[in-house]
Amino acid sequence: MTVPILAAIDWAQIVQLTVSSAIGVEAMVFAMAAIGLNIHFGYTGLLNFGHVGFMAMGGYGVGIAIVTWQLNPYLAILIGVVFALVLALILGVPTLRLRADYLAIVTIAASEVIRIMARSTTLRGLTRGAEGLNEFAGEYYSLSPFKQNLYEWGPFFFTGNNLFIVIIGWILVILLAVMVWQLMRSPWGRVLKAIREDEDAARALGKNAYWYKMQSLMLGGAIGGMAGMLQVIAKSTVQPDTFVPVITFFIWTVLILGGVGRVWSPIVGSMIFWGLLALMENLLRQFVAEGWIPPSLMDSNQVGIFRFILVGLGLIALMTFRPQGIFGSREEMALDAR
Amino acid sequence: MGQLSALQRRFEGNDGQRRLIGLIMLVAAFVMSVPFPALGQESDQGVRVRLQYQDAESGENVPAVGVVFSVTQEDGTPVGDGATDDNGEFFLAVESAGRFNLTIDPTTLPAGVTLRDPERATLTVTVDAGRAASALFGLQSGEGGAGADESDTLRRVLQLTTEGIKLGLFLAMGAIGLSLIFGTTGLVNFAHAEMITWGMFIVFLVEGFAEGIGLLPDQKLLTIALGALAALVVGGATGWLMNRFVFAPLRRKGTPLISQMVVTIGFGILARYVILYFFGGSSRFFKSVSGQSAISIGVVDITPSDLIAVILSIVVLVIVGLLLQRTRIGRAMRAVSDNRDLAESSGIDVQRVISQVWSAGGALAALGGLFLAQADQVLWEGGFRVLLLIFAGVTLGGLGTAYGALVGCLLIGLGVQLSTLFIPIELKNVGALLVMAVVLLIRPQGILGRKERIG
């Protein structure tokens, strides 16, 4: 029974879609966002549940600067980073002196405030409400050495623009990972880790824990903002409803899957996460299309929803059975709220 | 170790609990056996509009019925047209994905209602394959407050105060459980939102069942009462089960609180999307209470079902207060919240108290879900939409205190509704969340909290 089904699956297509997804725009954006979150949670122990807010700030920074303010696209990137840094300052001032749960609640609330504000008619002059800002990335793509046609390698294909942004993005991701690796070996990084392990001890040694945590929040937030910028440039559109809270928890799943507090875990975690999601989704889609799963049980709409169910299950299973993820060590994940 | 064996003894040797499990299974079997109308969804690739406006007098959200829309492709080729139904919803299926222009006919709007921005009578939406694309038309009713005289303003303030108290009470139903779970275990339960949503859908399922056995069109009161009972029982059982099979084992393993918190998030996502999977993304309304017209009490308008829900929530909250204040169980809950080690060393069975707190929290959240949904809608993310307001209320009142949760939620409810006097309605929740940030800045322990908690 199972063998004919296995034989009938279009494995070439499944592999192609899985690999494309594992190296595609989403995997790249989430790897970068997870690098930022790793600085927050993995190295400093900050419970940031609103990382998507930083992405939104970065994305809207670029969009608003180019479309609304008609600024130079390179200045726009700077503005995106500044937006994310400002958010980090605003979040950090009231909460970094308090326990971790408060930062968690305030960050998730802040990310929703940003989304609601961005889609409101009140700020429509700035953000164009629910429609968002569109068609602003042309200037960046004029740098692309690739032409508009499709590039194919065997079963894999990218459009020229897509190939350009994916290559630039992954190079940036690797540079950022190397930067984090070096930073965390430095005295500055050791202070962050000391704060994660025992904030009082770090303070007793004369370190200004509050200021170090603020620096960590700003650095990780700026990287999250860059991830948001890459996402909106890749799609050439920035819309409020792409920045919903569940995205934050996708990033968390990516990070925990790879292993919290490890340099390469965001990258590997993101590739595995998106690869697995694409694999499951496309297998299910084929099953549904071939009628192996009765339509009463699952239709093509529900396949998309099923991905989210898998993420929820995955988070629970990871935290219960392997909280250290692929690379992490169990001792380091034995963090407690502070 | 002693605690563990005591736990096992209690679980194996307690008839009461065995009966409870039997009851849960009975309820589950009862619920499963019902044929539900409209479970699952047909493919809904198309353009969707849900049109409603806030009535200038009552402040209620009212669906705009019979408003005509026309849909064209981006190049102007007509696709079709139609009008909104009794829920203010308009849906037009389209053959292929792409971009469409959606035009509203402002002359068909209800009397006194206008487009907030007359230039936005045509919106462009992008329909993805297999998905419905929504468009948002902002409506306003009345003169927009410009010509309102003083007595109108007073009336509006009173009406909004009523709305605020109503919202605050409903939020408090969820917040007390959240706060008690935090107080007794230190865990912020992000899945509490889904316990609220679950309450909404329990009642929805009961209504489907009532319809199936011919109870519904006539016995509305009985149906909704059964629904409330089911929400209490099933919600409480859900809370108990979550603690028994997920969080009690995690605590026993010594899983850190942050990891437990991530597990609650996983649970929240899982439950939210399981509900979306089975019930679809459209909003639904309780058949037993929909279509009621508001009655006037003094100068304030309120629908009968809202009024009953407000009274019931006050009764329930008073009962909860009395239980916490007067009974052994309640005193034990407060003792564990105050100081867990001291409570344990004075002979209180902490694990048992935590289990009771989870059950009570689940029951209250589910009932809160019913109250919220009868005033608004049944939606797969209905609980998640109010979760942040509940967090704001709990933070404002002081994390971990039951009374603080009530006070905080009332203030948040009032703040949300009254802020619409000054800021656009679409931003009303933002105000509440900003209040929370300000509170953390100047009094992080909240109104009724104590300083040592914030550590």
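Two strands are taken to pair if DSSP finds at least two bridges between them. Helices (H or I, at least four residues) and strands (E, at least two) are DSSP runs, numbered from the N terminus. On this basis, Val49(B) stands opposite Ala135(B) in S10(B). The model is predicted: local features need pLDDT of at least 70, side-chain atom pairs count only at pLDDT 80 or more, and totals for chains, interfaces and linings use all residues. Residues are numbered from 1 along each chain as its sequence is written, while chains are lettered from A and ligands numbered from 1 in the order in which they are written.

Chain B holds 13 helices and 13 strands. Of its 455 residues, 43% count as buried. A buried residue has 20 or more other C-beta atoms within 10 Å of its own; 12 or fewer make a residue exposed, and values in between make it partly exposed, with C-beta atoms placed from the backbone. Contacts require C-beta atoms, placed from the backbone, to lie within 7 Å. Among contacts in chain B with a separation of 6 or more, 73% come from residues 24 or more positions apart.

Two domains divide chain B: domain 1 (46-141) and domain 2 (155-454). The bounds come from an automatic or database domain assignment. Taken over C-alpha atoms, the centres of the two domains are separated by 33 Å.

An open sheet of 3 strands in chain B has the order S6-S1-S10, with mixed pairing. Strand S6 (89-93) and strand S10 (132-135) are the edge strands, and each pairs on one side only. Neighbouring strands are turned by 20° against each other on average, direction ignored. Strand S1 (residues 46-50) of chain B pairs with S10(B) in the parallel sense over 4 bridges.

A further open sheet in chain B has 4 strands in the order S5-S4-S7-S9, with antiparallel pairing. Strand S5 (78-83) and strand S9 (122-127) stand at the edges with a single partner strand each, so one side of each is left without a neighbour in the sheet. Strand S4 (residues 68-73) and strand S7 (residues 98-104) of chain B run antiparallel and are joined by 5 bridges. Phe69(B) has Ile104(B) as its bridge partner in S7(B). Thr72(B) stands opposite Asn101(B) in S7(B). S7(B) also pairs with S9(B), in the antiparallel sense over 6 bridges. Gly98(B) has Val127(B) as its bridge partner in S9(B).

Helix H7 (residues 304-326) and helix H8 (residues 328-338) of chain B pack at an angle of about 80°, with their axes 5 Å apart. Axes are lines fitted to C-alpha atoms, for helices over the stretch in contact, and angles run from 0 to 180 degrees between N-to-C directions. H7(B) and H8(B) are therefore roughly perpendicular to each other, a label given to angles of 65 to 115 degrees. H7(B) contributes Leu323(B), Leu324(B), Gln325(B) and Arg326(B) to the contact, and H8(B) contributes Ile329(B), Gly330(B), Met333(B) and Arg334(B).

The contact between the chains takes 40 residues from chain B and 43 residues from chain A. Helix H6 (257-279), helix H11 (382-397) and helix H13 (428-442) of chain B are the elements that give two or more residues to the chain B side. H6(B) gives the most, with 14 residues.

Note on methods. Contact = placed C-beta atoms within 7 Å. Parallel < 35°, antiparallel > 145°, perpendicular 65-115°, else oblique.
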